[in-house]
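Please keep the structure in view while reading.

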Amino acid sequence: MKILVPIKRVADPDNANKVKVSADGTQVTTEGLEWKMNPFDEWALEAALRLTEDGAAKSRVGEVVLVSVGPKEAVATVREGLAKGAERGVIVEGNDNDLDSNVIAAALAAVAKKESPDLIVMGKQTVDGDSNVAGTVLADKLGWPIINYAMRIETSDDGKTFAIKRDLDVGVASVKVTGPVVITVSDSILHPESVKNGVTPADFKYPEAEGGRYASLKGIMQAKKKPIAEQTLSGLGVDAKRTVTYKKFELPPARSGQTTFVESVEELVEKLRTEAKVL
Amino acid sequence: MSNVLVVAELLEGAARKTTLSAITAAKQIAKQSGGSFDILAIGEGAEGAAKELAGYGAGKVLTAEIPGGYTCEGYAPTVAEVGKGYGAIVATASSFGKDLLPSVAAKLDAGVASEVTRVNDDGSFTRPMYAGNVIGTLTVDTDVKVVTVRQTDFEAAEPSGGDSSVESVSVTKGDLAGRVEVLGVEVVKSERPELTEADIVVSGGRAFKSAENFTNILEPLVDAFGAAMGASRAACDAGYVSPEAQVGQTGKVVAPKLYVAIGISGAIQHLAGMKGSKTIVAINKDKEAPIAQVADYFLVADLFDVVPKFTEAVKKVKAAG
């Protein structure tokens, strides 16, 4: 099975409250913040690696190709994914200001057409734009189905068909889909038994891990030799245009008021009754 | 002048309340563009749902009866076909709206403004980014504007007493309809109010340590308040509670009158989903926890000591009326 995993670098999401905007409000500035792999993409990569390995024997049985559309510095993020176990990388160079969900989806579609994967797995959203759009638009551009918010993925025929559980507001939907397909993952995909691929023993459980697997030292060494192809939007024949324009960025208004520390349940209940008047 | 199409979200043959926020947003967009709005009820039971939706002042209510469960592939071609004459297509940014509308947009070469919190008079839209740490204002530069709106930022529309005409539209079958089969949807039923609609939300974090503690310690407090139950991602991931309860950047966004966060440290991702709440109470052992940045009241305590007492105290106040 061959899986394409789009990844994006984002400003450290755990310090997103340190993101600033420029004085004229036209740019978001992330100076001083480290670049990290978008957490949802990290989890998508984990799901893709699980789908293409024997988890118990720790051996690879398929191929994961990473693709990032963005500035060429994103190569560091691709290298990080290679160190975790992906086989190859592709960088499509583009200036962040020229990219929106539509252009990114078009670039990913162009790469997918060249690579012909059985499956594309990606995060349901990036945690900077928080839009939740690119995966679905990508599927449409390829003429493939989209399965958003996957929390469990099962295949027993090397990626020809998938049984997927989707994490919805109202509950959980179970669907069966014939590939190729674009799957976006929800938070719940890191469950120890989130992926069954017919190769890893059915009773195998992955360890609980906050963000998926870490790169081993050996993985980091090997990643240095793994190939990363460089592409450009024009080289791929992508002529898609932005469909939205950001006019202004602002910081949100701070919550007014101070925190009142209360000493006891009685005091808390009293404040909720008399001050906040919510009880 | 251009008109606006609201895509209603149906569940088991009735419109979910989420739809009413989309109607409010559609009215605002229609007012600003000098047009009117229509509603599309699509899915199984669309015709039944249309009767209720006809009371909200829409020009007309369109119905597309599609049997079987929802799939993006099954619905998007019809929504795109119906929607292409409109200036804007609007739904609420639920897992339904955020799944369906980008696909509709792709079919119409339209841009998407996702999870919008404000419709501006100049036709632009405002939305949170970076887990709510940046507020962006954008224009959608295509003939059709596709918009999903955040439920908590648009009040539910009230019935206007009107009686819109109901017309059925033909279903457009796409090429992909057979590729996705819905085996079933386990709808989580609860006696409690819906998380995104509740006046009070009581949420628990990983400090509860187990699903049993969620049930035995947190839930009685939730019910004493008559509240909805929420949770941090850590608690959902650890399996203490089902993922639908997750509040945060990637879960549900809530803005109740009272939000009680117990044993939740307040990671940025969680704050993004609840900092619009009117009054925020935190109960945590660590008074330096980041939840203090947004809490109005903070009780520094071990939750296992104080939550049962809190439950009794709330019951007493409620009983006293």
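Predicted model: local features only at pLDDT ≥ 70, side-chain atom pairs only at ≥ 80, totals over all residues.

The residues that make the contact are A:Ser101, A:Asn102, A:Ile104, A:Ala105, A:Ala106, A:Leu108, A:Ala109 and A:Ala112 on the side of α3(A), and A:Ala134, A:Val137, A:Leu138, A:Lys141 and A:Leu142 on the side of α4(A). Sorted by class, the contact of α3(A) with α4(A) has ten nonpolar, two polar and one charged residues.

Two packed helices are described by the angle between their axes and by the distance between those axes. For α3(A) and α4(A), the angle is about 45 degrees and the axes are 8 Å apart. Angles from 65 to 115 degrees would count as roughly perpendicular and angles under 35 degrees as roughly parallel, and α3(A) and α4(A) are therefore oblique to each other.

## Where the chains meet

Between the two chains, 66 residues of chain A are in contact with 75 residues of chain B. Elements of chain A that each supply at least two residues of the side touching chain B include the helices α3 (101–115), α4 (134–142) and α6 (265–274), as well as the strands β11 (146–154) and β17 (244–250). The largest share of this side of chain A, eight residues, comes from β13(A), and the residues of the side divide into 32 nonpolar, 18 polar and 16 charged.

Strand β18(A) pairs with strand β18 (residues 297–300) of chain B in the parallel sense, over three bridges. Within this arrangement, A:Val262 has B:Leu299 of β18(B) as its bridge partner.

Methods. Residues numbered from 1 in each chain as written. Chains lettered and ligands numbered in written order. Contact = placed C-beta atoms within 7 Å. Helix = DSSP H or I, 4+ residues; strand = E, 2+ residues; numbered from the N terminus. Nonpolar A, V, L, I, M, F, W, Y, C, P; charged D, E, K, R; others polar. Pairing = 2+ DSSP bridges. Axes fitted to C-alpha atoms, helices over the stretch in contact; angles between N-to-C directions. Parallel < 35°, antiparallel > 145°, perpendicular 65-115°, else oblique.
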